[in-house]
Amino acid sequence: MKNILFVSGEGLPFIKSGGLADVIGSLPAALTKRGEGAAVVLPMYKRIIEKFPELKEECTFRVHSGVIDKQCVLYSTKIDEVIYYFIRQDDYFYRDGLYGYADDGERFIFFCHAALDMLPHIKFKPDVIHTNDWHTGMIPIMCKQEYTDPEYKKYKHVYTIHNLLFQGNFPKETMRCLNLSDHYWNNGDIKFDNGISFMKAGIIYADKVTTVSQTYAREILTSEYGERMEKVLANKGDNLLGIVNGIDIDNWNPSTDKALYKNYSINDIRNKKACKRSLQYQLGLRVADDVMLIGIVTRLTWQKGMHLILDKLTNIMNQDVQLVILGSGDNYIENELKKIESTYPHRAVFYCGYNEELSHRIYAGCDLFLMPSLFEPCGISQLISMRYGTIPLVRETGGLKDTVQPFNEYDGTGTGFSFRYFRGDEMMHVLAYAIKVYYYNKAGWRKLIRQAMSVDVSWDNSAREYSQLYESM
Ligand code: ADP
């Protein structure tokens, strides 16, 4: 058994901006259930300071990295068997948001350095340092090329790509924050275009690179999905692999979920109808059992296939369906969606914003969950919707392809619906088929619900694969 230190820019239950936080919130705990040791280190953002005043102060230390010379305070807490560490440096992290600031390069070089500098100060002794996404991509190169203490040579490095689109590419001047010579820029290891890339450094210097589904692991080797990192990734050979995410099945459990109007389970799903009626009522939709209610919960970006939805909105609403969309993001998409309520009164609603509770009610109350992503490293929403018996309709990409089995009306197998090419007419074709099954093959639909709810979406299988990976290193 190994001790794994996760380093991440976000993680539940402390701070979340996307699916990365869900993974950091559940994988470490799943590993401890298998007997591994796990700890997590996060930046201590303003929101964490305000919401978690009980965190314990551990010690203070100084971080020197290039031109950076700053003091920070280490905090900690423990939840079940997982230890959480927080790096507090208010100049960098006492801000309203997590990322998207002009000095992000400097902020996260600081964080990477601090996460390594904290190691002599803590009791947890990692065997493996598991870094995630661009924010922590500099850790393997720092650890291997900068630190001379032999302890630092012992650590093995796993780097997980949760989304290759966000690479942490910064101007070359950001080098001044690193304790690395120009050699690493000149030899191309951290150079990307004319600047530096956190993600490229993570890929090259980690011992193993993982991503969050097998299909995405293959897709990112192509120019279509590789975001110009495909050659760097191809050089990893067998050291690049895909392990699909799970979800926290205690948090996402329709039989205990407190956000729901009524609870239900695979053994008795009658209350799912009550959840649907209460959701329709809450949102001002016509309250009716017998109309297909379609849900979408997402960041509003092109990645999530929102242009297909906007393109085909009229066609979708020409069907006998209701639609609820919960999301925020791109201004153009938000503005377009704001029109749907007046165009389709009592049939379509857009809730603009982030709302955890409403998301639970949508996963439970809808019949169909629409997720036509352009690309999807893993995707969590389709896993949640299956657990809640809400049938996903997805595009066959990344984790969506690996986790949703298309319905086969001849042998009755499947857990959802899917289409292959990223085209509106393909999506509409499959949607029309799903609608037909919903209205005219009620036994088939009930079977789909049961099969979707029976899928093992827990972390058990994935945690086993990560354990095997750590053991193999
Ligand atoms: P990504 O990380 O690319 O945004 P994932 O499907 O991996 O996509 O994870 C998204 C997570 O964020 C899901 O748990 C989803 O329910 C949640 N989510 C996204 N948008 C919202 C929102 N507006 N309100 C509540 N939850 C949201």
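Because the model is predicted, local features are reported only where pLDDT is at least 70 and side-chain atom pairs count only at pLDDT 80 or more, while totals for chains, interfaces and linings use all residues. Residues are numbered from 1 along each chain as its sequence is written, and side-chain values use heavy atoms, with hydrogens and water left out.

Where the two meet, 17 residues of domain 1 are in contact with 17 residues of domain 2, contact meaning heavy atoms within 4.5 Å.

The size of an interface is often given as the accessible area lost when the parts come together. Domain 1 and domain 2 bury about 1200 Å² between them, with 59% of it on carbon and sulfur atoms; buried area is the accessible area (1.4 Å probe) that two parts lose on being put together, summed over both. Of the area that domain 1 buries against domain 2, 28% is supplied by Thr 215, Tyr 216 and Tyr 225, more than by any other three residues.

Between the domains there are zero salt bridges, a salt bridge being a side-chain nitrogen of Lys or Arg within 4 Å of a carboxyl oxygen of Asp or Glu. Nine residue pairs, both at pLDDT 80 or more, are in polar contact between domain 1 and domain 2 (a pair of N or O atoms within 3.5 Å; within protein, one must be able to donate a hydrogen and the other to accept it, and residues adjacent in sequence count only if both atoms are side-chain atoms). On the side of domain 1 that touches domain 2, the elements giving two or more residues are helix H1 (19–33) and helix H9 (214–219), and H9 gives the most, with four residues. Helices (H or I, at least four residues) and strands (E, at least two) are DSSP runs, numbered from the N terminus.

Three strands form an open sheet in the order E8-E10-E9, with antiparallel pairing; two strands pair if DSSP finds at least two bridges between them. The edge strands, each pairing on one side only, are E8 (169–170) and E9 (191–192). Two bridges join E8 to E10 (residues 195–197), and Phe 170 has Ile 196 as its bridge partner in E10.

A cis peptide bond, with omega about 5°, joins Leu 12 and Pro 13, and Pro 13 is found in the loop between strand E1 (3–7) and H1. Arg 228, a residue other than glycine, has a positive phi near 65° and lies in the loop between H9 and helix H10 (230–234).

The salt-bridge count comes to 19. Lys 70 forms a salt bridge with Asp 91, the closest N and O atoms being 3.0 Å apart; Lys 70 lies in strand E4 (residues 68–79) and Asp 91 in helix H3 (residues 90–93), so the pair ties together parts that are 21 residues apart in sequence.
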